[in-house]
Amino acid sequence: MSRLRYTIGRLLQAIPVLIGVVTITFLLTDAIPGDPVSIMLGPSPSAQQAAAIRAKFGLDQPLYVRYFNYLFDVIRLDLGESLYYSVPVTQKIMERLPITMLLMVSSFTFALVTAIPLGIISAKRRNKPADHISRVVALLGVSTPSFWIGLMLIIIFAFNLNVLPATSLVMPWADPSTVDGASNQIDVIITAIQHLILPTITLGTLQMAAFTRIERSSMLEVLGEEYVKLARAYGVSEGKILRKHAFRNAQLPLITIVGLQLTTALGGAVLTETVFNINGMGRLVITAIQNQDFLLVMGTTLMFGVVFVVGVIITDLSYAYVDPRVSFDGGD
Amino acid sequence: MLQGLGVAGIASVAGCSSGGNGGDGSGNQSGDGSGNQSGDGSDGGQSSQGGQLKMGLVKSPLEFDPIVLNDVPSEQVASQIFEGLYEYNESTGLVPALAASEAEVNDEGTVYTLQIEENATFQNGDPVTSEDVKYSFEAPVNEETENASEVNMIDTIDTPDEKTVVFNLSYPYGAFTTTLAWPIVPKSVREEDPDAFSTSMPVGSGPFQFDEWQEGQYVRISRYDDYWGEPMPNLSGVEFVPVEEATTRVTTLRQGENDIIEEIPPQLYSTVEQIQDASIQEVPGIGYFYLAFNCANGPTTDPLVREAVDYCFDMDQAVSNYVEPTGVRQYSPLPAALADEWGFDVGQWEQIPHGKDINQAQSLFEEAGVSQDYSWRIIVPPDDKREQIGVTVSNGLQEAGFNNVEVQRLDWGAFLEQYVSGNEDDYNMYTLGWSGTPDPDAFTYYMFGATEDTLGVTDGTFYHNSSERAATATEKFVQAREMADQEQRKQLYTEGITTVLEDRAHLPAYNLKNSFGVKEYVNDFAEHPVDSFHLTSNHNNVSVNK
């Protein structure tokens, strides 16, 4: 029950955060130099035409009126109509969000599956060759820009070796008739995985590197605790100490970082989607900004805000599953 | 149209070419190219005679109704579905398409009479009538669409019978034949549901019919088996897929995911050349990229200063460094294909620009009294090539002793607002590009504004107001526009352009090529200076033999 109350409390706290996101995005979008109508109509629109478009999008009204109108619309879940695509912003987001979520889930999975063993091996074999290798990998991963990794992967695996596709994603649940060369759902899933591999590595490498470093230091800390020493003194095997005594306790810092890495992953998705020609939220944001499609910019930013807030709440809740000592009653 | 703004929208200035048989995607650099990965499950498609073509464009189309569309990728697709009364031959010449023969023109050049092909039909089986033609030409003005200025020289249209159309022009518009390439739509279908016509069921009279569109993913068209004209397409279908990132686009060509890709950037030319079963096909487009001066305010109002800037750098070198092999040096506002077609003496214009001579530049700056402390400001749109031209000028100015030189790369929104302000704080110089119909009008009237429609609207130089000589030169462009006789027009353009270049309102820079990477098994693909490419036309018919 307390967990439910905590969850509701956190969701309520998200409301002012999202209002803040809306407000800041609104003001920033308004402050961008240039005129969306001139981008729409080109350099010599007729005056009536420009005025009609301004009226349609409420651009002829003062800032505060537009702000409150927008805020009320958002409360009603109406994000307005995209200037560039001429369809509702929510429709565009609903089209693109699943694609980006698939990419993010797969890249986080990749990052966790690789980072946890790497971090543990690194901690276990501290200052030995395995540790050095793992630390160099993590350092390279943290410092290499994701678009560069993406382009290198394309050049090696798609262009030179020609073993993996370089463009777009296929949804695993897509209808086989809409996918090239697929006759049944299994084919679709295989195709989807092939398409996912390179973008996943591109977006997941930074995450993987960050997680590895945290996992290593957290594991080292736990392995130095008194109770681990005690277990060793009792003659418990090293393998069992790692699995039974140290592992779970070492995961709390990692969980915190997973939540925070959502922001970098969303940013990385913009670059990854551009390089791999994936029609997700990232490219939607770029298109919106390039065309000063202000309603679409605000809608997508708000959606990123929602994804982040939800992600952080899920992270918080997952503490309790990993560490039963965490209680939501006291708020710790 | 302004080059580079690939989005819906920028073509509105009449400068942009109206779609010949569809559209002229006059090779804009903006990058829209189509790339397709084909897709429909029939990938092998061998059973059909000419196979399936997959083509990688740079950007996704946004709509297909030729009356309202205003961006290159949309035009590239729509031009396969719709036809005009005229269409382009393999170069910039126009030949009748839906028109049964050449137009009859009265002596003043104000009345054009045309017969429509007797057996021409739309893809719903209805005949193409004079009412459809009248509607297609009037709709842009009636609906105030973004490209209305392409047809607004038409005063009235008469339809004496079902197959005869008479265009009465407000003035003898010299470039009207290019206007006749405007695409024709079936009035009844479009009026019934304009939204569906634009996005889900466009109906034209062309060789391909629309099948399906997923925004940002693909557009599929297929051969229309009852096409009235000739030739019947070899291809059974075409899929266009947008692939924005150039490396990725080239990779799809290498992998065979696309059979043709468009727009190969300079740094990837050699990569495409190394692909064993592919080659590059290219042709200079109908475009013009240039450096322009603010002649309204600041030191660049003085022709001496503009000449000094010319001495600060070598445009030949800059174009060779940053634009070739994707583009070619251009010495006047007129693209080479157009200058050839009209027989302009381009050689005399080639002599006008100076090479780099910093001493000469310094003495001219001194003579004009420009202080070494002056803060120069050069604005460029978001495009690497144009930015590099700006940076080259900036380096030259610094060599000439100026320490405060700023090159500012602006987003389109900010750029469009600033480059026509005439304010010295906004810019002393700017770089820009323009594409248009293959007529000198498209490259003079909008660039050197002598009317309120263009001065400070599409022309940020305000050169017209800078001297008596400038006013006389720019007014020639207006005169030539409203005149039918080609020899007289040519004379006026020659005089006007020579003065403008001698006064250095612009320093012409380059023109881009429409470039394509094409697999060997694709036959008869034709790149085109105006329409970007032709699949099935009066001079080619693409087939795929995988």
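Residues are numbered from 1 along each chain as its sequence is written, with chains lettered from A in the order in which they are written.

User: Over which residues of chain B does pLDDT stay under 50?
Analyst: Strand β1 (residues 34–35) of chain B has the lowest mean pLDDT among that chain's elements, 33; strands here are DSSP runs (E, at least two residues) and helices are H or I runs of at least four, numbered from the N terminus. Where pLDDT is low, the predicted coordinates should not be read in detail. The stretch under 50 is residues 6–48.

User: Is Gln292(A) buried or exposed?
Analyst: Gln292(A) isn't a glycine, yet its phi is positive, about 45°. It sits in the loop between α11 (281–290) and α12 (294–322) of chain A. A residue is buried with 20 or more other C-beta atoms within 10 Å of its own, exposed with 12 or fewer, and partly exposed in between, C-beta atoms being placed from the backbone. Because Gln292(A) has 24 C-beta neighbours inside 10 Å, it counts as buried.

User: Which loop holds Pro231(B)?
Analyst: The peptide bond from Glu230(B) to Pro231(B) is cis, with omega near -5°. Pro231(B) is in the loop between β10 (218–223) and β11 (237–242) of chain B.

Key
Predicted model: local features only at pLDDT ≥ 70, side-chain atom pairs only at ≥ 80, totals over all residues. pLDDT = per-residue confidence, 0-100. Contact = placed C-beta atoms within 7 Å.
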